[in-house]
Amino acid sequence: MFQAKLKYNHDMNDSKIIMFVGKGGVGKTTCAAATAVHLASSGARTLALTTDAAPSLCHIFEITEDSKNAAVTPSLDVNELGEAAIRQMWDRKFGREVYEVFNSFVAVSYEEFLEFMTSVLPGLGDEFMVDYIREMRLNSEYQAIVWDTAPLGQTLALLETPAMLEKHLRLAPRIYSKLRSGKQSRETVLDILRRWEKLSAQDMDFLRNDVNFVLVTIPEALAVAQLEGIFSELDRYGLKVRRLIVNNVIKEPDSAFLRSKSEQQKPYLDAIQDKFIRLPVTELPLFPCEIKGMAKLQEVAKLLYRQAAI
Ligand SMILES: Nc1ncnc2c1ncn2[C@@H]1O[C@H](COP(=O)(O)OP(=O)(O)OP(=O)(O)O)[C@@H](O)[C@H]1O
Ligand SMILES: [Mg+2]
C-alpha cells in the first residue's frame, strides 16, 4: 500500500502518535494537518492519516491526485484510507475464517458478509485503523503519525466486544468449542474470538499507552457542553487527553459584528479555563480566510506550537 521508504534508525519509543478528537466541524482536520506540518518540519518523518469518508485532509493539503496516498513534502505523507483499504485489513486479519463460521449458519456471499459486518459494527473500520497504526509504529517507518479523527464511542466499545462475546459463548462451551470455523480450518469459533480478543486488547493497550489525544473544541454552547462527555468517555477507557485546543477564538475584534461575537465567546473561554485547569489549553484564532495549503498550515502550526511542545 505504501511506496518503499527509507527506514529511519530511531528509538521506537520516540515515535509520536497523535489523535484528534472533537465534535463535528470544530477544526480537527485543520489542527491535525497543521500538527503534521509542524512535526515534519521539525525533522520527523510524518504520516497524516484519515479514514474520513469526506476527503478533507487531501483537500487541505491541496493534493489533487487520485491516489489518496501522496507525499506532500519529502518528510510528510498523507494517506486517506477508504473502505476498500479497510476491507483489505479485515481480510488480512481474519475475514475469511469469521465468514466461514457465519456462512455455516447463513448462506451469504463473502461480499454480502463484509457489507453486513461493516454496517452492523460501524466502528470496525476504526478498529482496523488502530491496529494498522499500531503495526506501522512497530515497523518504525514513521516517527510521527497524526490521525485526523480518533475513535470514540462505537469503536472503543467494539474493542471490548470480543472479550464480551467470548464470555457469553463460554456459557455454551459444548456447542461453540466444537464448532469449526470451516471445513479445512482447525480453529473453533472460540479460538477465533480469542484471537480477536487478543488483537483488540493489544489495540486498546496501544491507545492507552502510546497515543496522545488532543481534544479540539470551539467557544460555543454546544461544543463546550459536549466536552465533558467526550472527556468522560475517553476516561472510561483509560485514555488520557494531553491537550485541549480551543479553535475559532476571536482575538482582535475590530467591527461591531466581531465585538459581539467575541463577547459571546468570553464566558465559554472562561468556563473552559476553569474546568480544565490541569490541561494545557491553546487558543487558536479565527482566521479571516480559508485554511488550506502549506503556507496557511505553517501559520496555524506556529500558533499551536509556539509555547507548548506536542
Ligand atoms: N481557526 C480557523 N479559522 C478559520 N477557519 C477555520 C479555522 N479552523 C477551521 N476552519 C475552517 O472550518 C471548517 C471546519 O474545519 P475542519 O474541517 O478542520 O473541522 P473538522 O472538525 O475536521 O470537521 P469534521 O468533523 O466535519 O471532520 C473548514 O472549512 C476549515 O477551513
Ligand atoms: Mg475533519
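Guide: What follows is a chat about the labels used for this model and the values behind them.

Visitor: How do you know how far to trust the model?

Guide: This is a predicted model, so local features need pLDDT of at least 70, side-chain atom pairs count only at pLDDT 80 or more, and totals for chains, interfaces and linings use all residues. As for labels, residues are numbered from 1 along each chain as its sequence is written, while chains are lettered from A and ligands numbered from 1 in the order in which they are written. pLDDT is the predictor's confidence in each residue, from 0 to 100. Here the mean pLDDT of the protein is 81, and 78% of the residues reach 70 or more. Over residues 1-13, though, the pLDDT is below 50.

Visitor: What makes something a helix or a strand, and how many are there?

Guide: They are DSSP runs, numbered from the N terminus: a helix is H or I with at least four residues, a strand is E with at least two. The protein has 13 helices and eight strands.

Visitor: What is the order of the strands in the open sheet?

Guide: The order is 3-4-2-5-1-6-7-8, with mixed pairing. Two strands pair if DSSP finds at least two bridges between them. Strand 1 (residues 16-21) and strand 5 (residues 144-147) are joined by four bridges, so they pass that cut-off, and they run parallel. One of these bridges has Lys16 with Ala144 as its partner. Strand 2 (residues 46-50) also has four bridges to strand 5, again running parallel, and there Leu47 stands opposite Ile145.

Visitor: Why are strand 3 and strand 8 said to stand at the edges?

Guide: Strand 3 (69-73) and strand 8 (281-285) each have a single partner strand, so one side of each is left without a neighbour in the sheet. On average, neighbouring strands in this sheet are turned by 20° against each other, direction ignored.

Visitor: What makes a residue buried or exposed?

Guide: Count the other C-beta atoms (placed from the backbone) within 10 Å of its own: 20 or more is buried, 12 or fewer is exposed, and in between is partly exposed. By that rule, buried residues make up 35% of the 310 residues in the protein.

Visitor: Why is Glu62 called exposed?

Guide: Glu62 has 11 C-beta neighbours inside 10 Å, and the cut-off is 12 or fewer, so Glu62 counts as exposed. You'll find Glu62 in the loop between helix 2 (56-60) and strand 3. Its phi is near 55°, a positive value in a residue other than glycine.

Visitor: What about Ile291: how do you know its class?

Guide: With 17 C-beta neighbours inside 10 Å, Ile291 is in between as well, so it counts as partly exposed. Ile291 lies in the loop between strand 8 and helix 13. Leaving out residues up to four places away in sequence, Ile291 touches Thr30, Lys296, Leu297 and Val300; a contact means that two C-beta atoms, placed from the backbone, lie within 7 Å.

Visitor: Why is strand 6 called largely enclosed?

Guide: Six of the seven residues of strand 6 are buried, so the rest of the structure largely encloses it. Strand 6 (211-217) has five bridges to strand 1, running parallel, and five to strand 7, also parallel. Strand 5 is covered on both faces: Ala144 and Val146 on one side, Ile145 and Trp147 on the other, are all buried.

Visitor: What makes helix 1 roughly perpendicular to helix 13?

Guide: Axes are lines fitted to C-alpha atoms, for helices over the stretch in contact, and angles run from 0 to 180 degrees between N-to-C directions. Angles under 35 degrees count as roughly parallel, over 145 as roughly antiparallel, 65 to 115 as roughly perpendicular and the rest as oblique. The axes of helix 1 (residues 28-41) and helix 13 (residues 294-305) come within 8 Å and cross at roughly 85°, so the label is roughly perpendicular. The residues making this contact include Ala33 of helix 1 and Leu297 of helix 13.
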